[in-house]
There are 2 protein chains.
Amino acid sequence: LKPDPTEAVTAGDIRAASLQLKGQVRETPLLSHPWIDDFVGCTVVFKAEMLQLTGSFKYRGACNRLSRMTGEEKSRGVVAWSSGNHAQGVAAAAAQHGVMATIVMPADAPAIKIANTRKYGAEVVLYDRYNEVREEIAAGIVQRTGAIAVSPNDDPMVVAGYATVGLEMLAQAERLGQPLDALLAPCGGGGLVAGIGVFAAEHSPRTRVIAVEPADFDDTRRSMAAGERLRNDPSARSICDALVAPVPAALPFPLIQRTVAGVEVATDEEVRHAMKVAFERLKVVAEPGGAVGFAALLA
Amino acid sequence: LKPDPTEAVTAGDIRAASLQLKGQVRETPLLSHPWIDDFVGCTVVFKAEMLQLTGSFKYRGACNRLSRMTGEEKSRGVVAWSSGNHAQGVAAAAAQHGVMATIVMPADAPAIKIANTRKYGAEVVLYDRYNEVREEIAAGIVQRTGAIAVSPNDDPMVVAGYATVGLEMLAQAERLGQPLDALLAPCGGGGLVAGIGVFAAEHSPRTRVIAVEPADFDDTRRSMAAGERLRNDPSARSICDALVAPVPAALPFPLIQRTVAGVEVATDEEVRHAMKVAFERLKVVAEPGGAVGFAALLA
């Protein structure tokens, strides 16, 4: 678990992102409930990142990337592809930085996420999630317009921005006198858990970082076992719309291999139950993809 | 609006409560959403006090009261009456301080609030909200057992504890560079808004404190106009179970008369809409009584 300075994202990048984002993002609270502790059999704290601007950690990544663009780059505009959270994060960060944004979204993304993305001022291009390749559509826009692609997982500055949620959570837990023995992070393309893994490996080696995937999208689990990136069955479906990536993303995967201690999965039913418990006990609205770690823990 | 040192609760009591409660209660976050600002036409911040321990500001009042009991007082146990939030607050604070608690609750209180109160270890005595007088039932228990009554509104230490949510909110808004021009607080018996009014009158005189009541429980509005405490129609009903007090409580009323700038009301339908917006935009689960201020603002 020694830090590797040749890696795409280092703990230093994440510390720098944290400084860069100060004042741009919210410090979201840690929540807990005594009955959840009783039920699980240990102290459990929740990072309420749905309270972040745009509703997810994706805003941290987009803001970190946009903050570092030159004026010339900003004038070209940005392109992103996303089922919803990265879309909203990039759209809002672009609006914040005065940059034009075009977002490629699946036509069956949650209507509220499409509407939100448009409301932030972005142009939305819809595609068929199961028969078209979003990266190709985005590449076409880049070619036509000269805009800069902001990848959700294969951009070091984006991944470093995501990881600031882990930096913040580890620091908050330390301040409460409750250093984390384990940290469960949702895993779609893998950028979030990879970044958190890199940071924890250097700053909180006692913390086992666990990736959690939807049961039928366990590509990272299988890929870790195989030592290479494997795809999900294209017929797989899940309510965790934020996590239905077809394959582990290229940049995060070696970071996950080095720093993530294990991969767990949760079924849609387990996720629905976790969302209900979060609603009733923690009083927060967790989206399915955000509840996957809690679901695995409860199960 | 000059401070009156002869009053039941002073700004000094509230500052002392804030110090007393440090480490015992959560500092709950301020939330906001750009579309809510757009829709309302000004900057709006929300104090997410549903994220407080036990789910409401009532825990602050109970904790402040229990913290100041002697060992002898603690050994006698406490009695409280409440439709749910004060019940949970007192039950949890009692458990925290190793004190036995008996809570008198209406049989038609939300099942989750009754279950929660029992789960904190309190004994729950149910009564008929519309045909029995809870204060009489509680007085009987005090007489039989020697326990100490913790009133939800007529106890200065309880009201001072409640008001720390206002102190905290005003300080957070100042830190954001957004001092509050107005602060809307839910009003049932009136303890919360009275305490906030007293604090703001001294520490943030620019802030107009507004009480908000359910439409058919506008006893405080009518009482303010009449200059005396008037009752609600006993046949009135509202989904705001936390705010259906029959009459303004005695201790807070003169404080409200002196420090509260106005009273607004919200219908159940307006409250339902506000809860939905809070769910969708702010990602928090507001109970009806907690959403009444937002409901009045949106309406």
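Reply: Copies of a chain are superposed by least squares on the C-alpha atoms of residues with pLDDT of at least 70 in both. The model under discussion is predicted, and the mean pLDDT of chain A is 95, with 98% of its residues at 70 or more. For the complex, the predictor gives an ipTM of 0.91 and a pTM of 0.93.

Chain A is superposed on chain B by a rotation of 180° with 0.0 Å of shift along the axis, at an RMSD of 0.0 Å. This is the relation of a two-fold axis. Within chain A, the C-alpha nearest that axis belongs to A:V284, at 2.2 Å.

The contact itself draws 22 residues from chain A and 22 residues from chain B. Of the interface residues of chain A, 100% are also interface residues in chain B, so the copies meet through the same surface.

About 1900 Å² is buried between chain A and chain B, and carbon and sulfur atoms give 67% of this area. On the side of chain A, the residues that lose the most area to chain B are A:W35, A:K283 and A:V285, which together account for 31% of what that side buries.

As for polar interactions, zero salt bridges are counted between chain A and chain B, whereas six residue pairs are in polar contact across the interface. Four elements of chain A, β1 (30-31), α2 (34-40), α6 (111-119) and α12 (268-282), each supply at least two residues of the side that touches chain B.

How values were computed
Residues are numbered from 1 along each chain as its sequence is written. Chains are lettered from A and ligands numbered from 1 in the order in which they are written. This is a predicted model: local features need pLDDT of at least 70, side-chain atom pairs count only at pLDDT 80 or more; totals for chains, interfaces and linings use all residues. Side-chain values use heavy atoms; hydrogens and water are left out. Contact means heavy atoms within 4.5 Å. pLDDT is the predictor's confidence in each residue, from 0 to 100. Buried area is the accessible area (1.4 Å probe) that two parts lose on being put together, summed over both. A salt bridge is a side-chain nitrogen of Lys or Arg within 4 Å of a carboxyl oxygen of Asp or Glu. A polar contact is a pair of N or O atoms within 3.5 Å; within protein, one must be able to donate a hydrogen and the other to accept it, and residues adjacent in sequence count only if both atoms are side-chain atoms.
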